[in-house]
Amino acid sequence: MALFDGIKRQLRSVIQWEAPGADVLFQQWHGNGEELKNASKLIVGPGQGCIFVYEGRVKAVINKQCLINLETDNIPFWTTVTKFMQFFESEHKAHIYFYKQTKVLDQKWGTNSPIKYDDPKYKFPVGLRAYGNYSYRISDPESFFVNVVGSENDFFIDDFRRVMSNRLVHPLSDFLAESRYSYAEIDARREEIASGMDAKLQQEFHRLGFEITDFRIEGTNFDEQTLKRINRIADLSAEAQAAAAVGLDYAHMQQLEAMREAARNEGGGAGLGMGLGVGMGMGQSMANTMSAGFGAPETQPTANAASDPMQKLAQLKKMFQAELISEQEYSAKKKEILDSM
């Protein structure tokens, strides 16, 4: 049996990448125990390439579909190989690798951790996560072998995905810092960010022997701390608009809110009435001040105006409609005003 196996190896005539897995990018040819020195033909199939590596260094590359008679054809690839192998015998390490030349499509990417930058408009730190997809192809097999594959016998699409993920964060951070997009602009600017990212990535990845095609950002989200800051800004903006609707600026509205809390904590009608009464008086005073600031004649509230129940009820309704007081507070104060008539 051993003698038959030895003869079979001597008759071996073909080196080829047979039925490569869909997830394989680079693979060393092992020949199922056959010896490279006894082969006489090399077949490179469609979408494949071939590299001859001698003592860890790339010595020759085939990047197109072909069939080479290694014993007779005057092909630069095999001429290079035979310079390092005497009569197909060599005491040194010589290997043939096959690689995929076709595009690898629709690969997912995502940032492993939030990307930190300062929001240029609101001046607070932002933590942004992003995800999307891309396609790529090996454009320089020698550089890819040396800089990415390294000493691995086989290199898979999942291995490449880890390489890609590790190199995404820094270019994306740089681009966001340079472009100065506020958090509110991120979703609307995704195509611009993807285009800018693509330009930065091409420079980086070209040195590694591959090119990215169709780089896209499908979505973004913010970390918990950023969301808290965003929600706080939204709440403050809504409160400021509500205050403006009843003639208050934001500072006076905050004072009114403090008095409301004091009234709640005191409990009972007296505390509630005091807090709301002072709030309405302040609101009327603020409205007069704002009117004077815009050129209207400044008027001083009279004792009769301050005690006019119709004005009190109108002011109370505005505060309720602006959601500055609750329905329970509105009803209680309204009853108090009506009972005093």
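Where in the chain is the place of Lys 123? In this model, which is a predicted one, Lys 123 sits in the loop between strand 9, residues 115-118, and strand 10, residues 125-138. Its phi is near 60 degrees, which is a positive value in a residue other than glycine. For background, most residues other than glycine have a negative phi. Lys 123 is also exposed, because its relative accessible area is 62%, and the cut-off for that word is over 50%.

Let me stay with backbone angles for a moment. Arg 180, although it is not a glycine, has a positive phi of about 60 degrees, and its place is in the loop that runs between helix 5, residues 169-179, and helix 6, residues 190-206. A further example is Glu 55, with a positive phi of about 50 degrees, in the turn of a hairpin that strand 4 and strand 5 form with two residues between them.

Cys 66, for its part, is in no disulfide, and the count for the model comes to zero disulfides. Cys 50 counts as buried, because its relative accessibility is 0%.

Next, please look at the open sheet of three strands, whose order is 1-3-6 and whose pairing is mixed. Strand 1, residues 14-15, and strand 6, residues 66-69, stand at the edges with a single partner strand each, so one side of each is left without a neighbour in the sheet. Strand 3, residues 41-44, runs antiparallel to strand 6 and is joined to it by four bridges, with Ile 43 standing opposite Leu 67 of strand 6.

Finally, I turn to a pair of helices. Helix 11, residues 309-321, packs against helix 12, residues 327-339, at an angle of about 175 degrees, and their axes are 10 Å apart. That angle is over 145 degrees, so helix 11 is roughly antiparallel to helix 12. Among the residues that meet are Leu 313, Leu 316 and Phe 320 in helix 11, and Tyr 330, Ile 337 and Leu 338 in helix 12. By class, this contact has seven nonpolar, no polar and five charged residues.

Key. Residues numbered from 1 in each chain as written. Predicted model: local features only at pLDDT ≥ 70, side-chain atom pairs only at ≥ 80, totals over all residues. Heavy atoms only, no water. Axes fitted to C-alpha atoms, helices over the stretch in contact; angles between N-to-C directions. Parallel < 35°, antiparallel > 145°, perpendicular 65-115°, else oblique. Contact = heavy atoms within 4.5 Å. Nonpolar A, V, L, I, M, F, W, Y, C, P; charged D, E, K, R; others polar. Pairing = 2+ DSSP bridges. Disulfide = S-S within 2.5 Å. Buried < 20%, exposed > 50% of the residue type's maximum accessible area, 1.4 Å probe, protein only.
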